[in-house]
Amino acid sequence: MKTFIVKYLPSGENSNTKKLYDHLKSKIDLNDIEEFDLIKDNVPMFKEDSVTAYYLRNFLGKELSDSQKLAIHPFDEIVRKVQNAERLIFVFPMHNFSLPGIVKMFFDSFMLNGELFNINDESKKQQVLNKQIIVLYSHGGEYPVGSDFEKYDFVRSLLTQEFSFMGFKDYSFISYSTADPAKREMNLEEAIKKIDQKI
Ligand SMILES: Cc1cc2nc3c(=O)[nH]c(=O)nc-3n(C[C@H](O)[C@H](O)[C@H](O)COP(=O)(O)O)c2cc1C
């Protein structure tokens, strides 16, 4: 299955999140993956020229000048990678209850009107995007679903909203809590079992 992996692992070899990722990689066909490493690979950020091009082309349907085409091109490249994949994997640690900034910027770079969602076109609003999405993350604290602390896990709540807004149906969040050394291994094992159920 053509798999596009977007990873941000600032802790490198010592990363807790990488343990989930290494397990997942042991289960998939590595010949069919493309990795986007947010530490090394450039993510476009909206600036005046690119955001103007985006509004003109993707909301107003206007032709772009050559320089405007150039400004929006890096965003189109990311859109293409996301659209071409049959499976999307996101891997990162929780930072300040949410996505690390660069991961949010990656989502902002491909969630484009007319590409991954449609504001104006009624017929395309209810599109269903057939891809499997898996989000692997780790966090120090515990945010169990159904508990009082669930609401502080803005990774899950934000991405649930974003995926369903775009029309994805098959998305899973697999995470584990790392702060308590007495529980860390057990938490990791449980998360690994969830990966095995998904892959
Ligand atoms: C800048 C920063 C912010 C963090 N914010 C949170 C947080 O809001 N909630 C939490 O539970 N853990 C937080 N943590 C802890 C990490 O999410 C946790 O240690 C995770 O397992 C680190 O994964 P890694 O080893 O792959 O980097 C934060 C860590 C860092 C470095």
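Predicted model: local features only at pLDDT ≥ 70, side-chain atom pairs only at ≥ 80, totals over all residues.
Residues are numbered from 1 along each chain as its sequence is written. Local features need pLDDT of at least 70 and side-chain atom pairs count only at pLDDT 80 or more, while totals for chains, interfaces and linings use all residues.

**View 1. The elements of the protein chain.** The secondary structure comes to seven helices and five strands, where helices (H or I, at least four residues) and strands (E, at least two) are DSSP runs numbered from the N terminus. From that end on, the elements run β-α-β-α-α-β-α-α-β-α-β-α, and the C-alpha trace spans about 60 × 35 × 30 Å along its principal axes.

**View 2. The shell around the ligand.** The ligand is surrounded by 17 residues, of which the closest are Ser15, Thr17, Pro93, Gly140 and Gly141; a residue is counted as near if its C-beta atom, placed from the backbone, lies within 6 Å. Two or more residues come from each of α1 (16–25) and β4 (129–139), and α1 gives the most, with three residues.

**View 3. The buried side of helix α4.** In α4 (residues 101–110), the buried residues are Val103, Phe106, Phe107, Ser109 and Phe110, buried meaning that 20 or more other C-beta atoms, placed from the backbone, lie within 10 Å of a residue's own. They lie on the same side of α4, because they cover an arc of only 160° around the axis, the arc being that of the directions from the helix axis to the C-beta atoms.

Conventions. Buried ≥ 20, exposed ≤ 12 C-beta atoms within 10 Å, placed from the backbone.
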